[in-house]
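User: I have a chain open and want to go through its packing. Can you take some quick questions?

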Amino acid sequence: MESSPDAYAEEAHLLVDQVLNNTVRKLSEEFERQQELDAKKLDLEERQNTLEALEQIREDYDVQDITWLTIEEFNIEKGEQKIDEFLKTWEYQGAWLACTDFLKEEDHEFDKRYRYRVRWSIPTRRKPIPRATAGVYFTFVVSKIKPKTYPVDVYYVFETNRLVHRPGESRFREKWLKDIIENKVIMMQAVDF
């Protein structure tokens with residue numbers, strides 16, 4: 001079997017075409033992979049910039065707090081006064097009104113717990129009696145074993161939420177109160193009396 005020079009040339013062209021096609025395919029794949037990496041890198045840079053901006057905002061904002069009572073100073077009336085003082089550090093808009101009530105005292109082995117409820121509402125001229133209120137529940141933990149000069153422990157939760165807040169550690173959001181009231185209004189509209 002003799003091969004003609006044209007057959008060799010044809011075979012050579014096919015081999016060169018295959019090599020060129022493979023090279024183009026590999027370069028194309030590498031280019032796409034590089035574009036994906038660049039896009040991921042850009043996305044990571046954008047996320048990093050966003051995180052840095054959020055951190056800067058967080059650093060620029062000081063969570064307000066007050067000086068709380070010591071174990072020795074604490075009584076029910078002073079606890080209510082301190083709650084009212086603390087609420088004045090919260091930033092909110094509009095005509096929100098708050099009413100603080102003492103609920104109960106619980107005696108435990110190593111402490112006493114004093115529970116308060118702050119009811120928030122937005123009365124208006126058309127509806128001076130609000131359709132719903134939002135509750136924030138404060139607890140003062142007065143230790144029986146700590147020195148009397150130590151401050152009482154204070155924490156609070158928003159109605160319908162499980163997250164426990166400590167004064168000076170989390171920033172108040174007016175939206176939390178609005179969400180509670182809106183959910184109550186929606187629920188009342190859904191229930192026929």
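User: Leaving aside neighbours within four places in sequence, which residues is Val136 in contact with?
Analyst: This is a predicted model, to begin with. With those neighbours set aside, Val136 contacts Trp90, Tyr116, Arg117, Val118, Trp120, Tyr156, Val157, Phe158 and Leu177.

User: Which residues touch the most other members of the largest nonpolar core?
Analyst: Val136 is one of them, along with Trp90, Trp120, Phe138 and Phe140. That core has 29 residues.

User: Which elements each supply at least two residues of it?
Analyst: Helix H2, strand S2 (111–121), strand S3 (134–143), strand S4 and helix H3 (174–190) each do. S3 gives the largest share, five residues.

User: Switching to rings. How many aromatic pairs are there?
Analyst: The count is 22. One of the pairs is Trp90 with Tyr156, which is tilted, with 5.7 Å between centres and 45 degrees between the planes.

User: Where do Trp90 and Tyr156 lie?
Analyst: Trp90 is in the loop between helix H2 (76–87) and strand S1 (97–107), while Tyr156 is in strand S4 (residues 153–158), so the pair ties together parts 66 residues apart in sequence.

User: Is Tyr156 buried or exposed?
Analyst: Tyr156 is buried, at 1% relative accessibility. Its ring also pairs with that of Phe158: the centres are 6.0 Å apart and the planes are at 70 degrees, so this pair is edge-to-face.

User: Zooming out, what order do the elements run in?
Analyst: From the N terminus the order is α-α-β-β-β-β-α, with three helices and four strands in the chain.

User: What share of the residues is buried?
Analyst: Buried residues are 24% of the 193. The accessible surface is about 14,700 Å², and 52% of that belongs to carbon and sulfur atoms.

Notes
Residues are numbered from 1 along each chain as its sequence is written. This is a predicted model: local features need pLDDT of at least 70, side-chain atom pairs count only at pLDDT 80 or more; totals for chains, interfaces and linings use all residues. Side-chain values use heavy atoms; hydrogens and water are left out. Rings of Phe, Tyr and Trp (its six-membered ring) pair if their centres lie within 6.5 Å; planes under 30 degrees apart count as stacked, over 60 as edge-to-face and the rest as tilted. Buried means under 20% relative accessible area, exposed over 50%, partly exposed in between (1.4 Å probe, protein chains only). A nonpolar core is a set of buried Ala, Val, Leu, Ile, Met, Phe, Trp, Tyr and Cys residues joined through side-chain atoms within 4.5 Å. Contact means heavy atoms within 4.5 Å. Accessible areas come from the Shrake-Rupley method with a 1.4 Å probe; for residues, only the protein chains shown count as cover.
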